[in-house]
Amino acid sequence: MTGILERPASLRAPELHLANDRLDWIASGPPPQRGPGAFRRWLWRHGRTVAFLLPVLAIAAVVQAMNMGGSPQRIDDEGTYTAQAWSVLKLGELAHYTYWYDHPPLGWLQIAAYTGLTGAFDRYDIAVVAAREAMLVATLISVVLVWVLARRLHLSRAMAAVAALGFAISPLAVQFHRTVYLDNVAVPWLIGAFVLATSKKHQLVGFAGSAAAFAIAVLSKETFLLALPFLAWTMWRAARKETRRYTLPVAGTILLVTGFAYILFAAIKGELVPGADRVSLLGGVFFQLGSRVSSGSLFDPESLSAKTLSMWWQLDAVILVAGAVAAVVGLFLKRLRVIAAMTVFLGLFMLRPGGYLPVPYIIMLLPFMTILIAGVTGAALHRLRRKPAVGRAAGVVWLAAALAAVVIAVPNTATQLRGFLLADLDKPVRQAQQWVQANVPQESRVIVDDAMWVDLVESGFDRDNVIWYYKMDTDSAVQAQSPNGWRDADYIVTTDSMRTFPTTFPEVKGAIDNSSLVATFGSGTQAVEVRRIEANGLDAAAEQAAGRTAARAAVGAELLRNPSLSVAGEARKTVNDGQLDARALLALGQVLSTTPVRLESTPVLDGETGEVRRTMVLRTGSADGDGALVDTLRTLQGSYAPEQVTQTADGVRVVYSAVEPDVLR
């Protein structure tokens, strides 16, 4: 009789490997039949898996969640997907503007479902951070699925943990996993599709689930359709010959039916084919495939493609190189061949001439690159135990290269992660947004980066007065509300995305070119500028500003001759040069008629240019006198009324609104 520790001759090696968890406890004896319950027995059986996976999952959660609102800085794309999810929940609309089939809507519908179920939009002051929480959940699910897929591909627990950890903490991964991209929503569905496609038991259900998961991935981000041939290859390899004739057709049918639902949706709305003054599904497809501006060649250093690759490279060059080399090596390893071929294909696809390379394209590659790196490393370790010298030599070469890569990667990873966990890169956007909320009248029309669209609307601005800059030149509904184009807007808040984008968008370019700087926050590419649009052009605005400055200087000169006013040196220059707000000058004139005061300072508010100072600090010489001065200033009404009057240790601080009325005419 065969002993329990002996391997039956009929048990084939693949089946043995796929059943390794069960054989682990067979080799050490059956689990205890008596115990506290099913969970204890399950933990006894899978304890080693839990011991490897849970620490990786915990590290991923900390790295992803800590300071997720501070770094990276909010960008326009994630603001768009956030606004679309918000619109589904708050407005009952598929998008905050006309939905034009640029992407299938299932991605932001999932974000809307998460934020709606958890109340995320109500828990955060910044809407994008609520959507980033959904990215956190998607990433943690993906970490688990990377582990599972690695185990399905026969990687050891240790190597599966390496793959999952690399996917979780690579700076390249953290940068993109934190950002609200539809690709992040699609990734767990794609990995899940490959996991289900490797099912050995219940293949009909597994393949059907795989097809459904892949369809959801594609309807979340259409570029994931590129993985279809490789998913089909995986199913073909895994399918049993005796059941292949119906498992594969069922999977194909589910995929086609799910995809057809999107086509049917467009047809029912009468938006399947292009027509006059209407959006269409085919129009969106033609835009993505044909009319979209090319990213240029990767070999042209000035092209968008080269700049995108450069950004990836700066974040984590090691994972890019190691992943590319592992993909090539993986072609020669049977268990890794399919995902290696897919990774090579997706990499070569970036080289196609005249195509568009999305910045988040790397997100689809990351889970498979980390599995390949871990898988090839595991194979190299295995070769060290083989007798043929060639096999051992190949293993030594790979492991030496892997060790060198780790030595290079660790300092960069530590530095980058420190920035993600500690840096407040979003501060300029937050400051500009708060400045607009505090100083721009809500009846004003403001052109903005979509990253702050939801927050401004929720703070009280009418949604029609908050204009996503991209729509100024592309949405007929927005153009109908602005018959004079950019001249109908009052302010524009520019980010790097907006400043580098509008060369082919005349309305946005016109608004920027005919605006004057009011406040700026941050510096370099992270700078956010609040600019006032000059409807009559900069020359007319400059002439008008010069007249106002001269009028303020004339009134200031009269005040400086008043013996009841004493002025500190720097403040005197501000008044003499006509830089103090006209309302402050008139208020001083009224106060001086009854009370001697000293003008201590005219501070520049954070972010503002200081060309016109709308803050002054006054003193009377006593605390009681300062208190009476506060009461006097608060009685001022109409155009002369200050926005804020407070008594401080330095004196009475008086602040006026950012919009200076023409009170000196």
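Contact here means heavy atoms within 4.5 Å. I keep that beside me for this predicted model, where local features need pLDDT of at least 70, side-chain atom pairs count only at pLDDT 80 or more, and totals for chains, interfaces and linings use all residues. Residues are numbered from 1 along each chain as its sequence is written, and side-chain values use heavy atoms, with hydrogens and water left out.

**Entry one: Thr139**

I found Thr139 in helix 7, residues 127-152 (helices are DSSP runs of H or I, at least four residues, and strands are runs of E, at least two, numbered from the N terminus). Is Thr139 buried or exposed? Thr139 has 4% relative accessibility, so it counts as buried (buried is under 20% relative accessible area, exposed over 50%, partly exposed in between, with a 1.4 Å probe and protein chains only). Leaving out residues up to four places away in sequence, I see Thr139 touch Gln64, Phe167 and His177.

Next I looked up an open sheet of five strands, with order 6-7-8-10-9 and mixed pairing (two strands pair if DSSP finds at least two bridges between them). Strand 6 (565-567) and strand 9 (644-648) are at the edges with a single partner strand each, so one side of each lacks a neighbour in the sheet. I also checked strand 8 (615-619) and strand 10 (651-655), which pair in the antiparallel sense over four bridges. Val617 stands opposite Arg653 in strand 10.

Asn439 sits in helix 19, residues 427-439, and is buried at a relative accessible area of 10%. Beyond four places in sequence, I note that Asn439 touches Arg614, Glu643, Ala658 and Val659.
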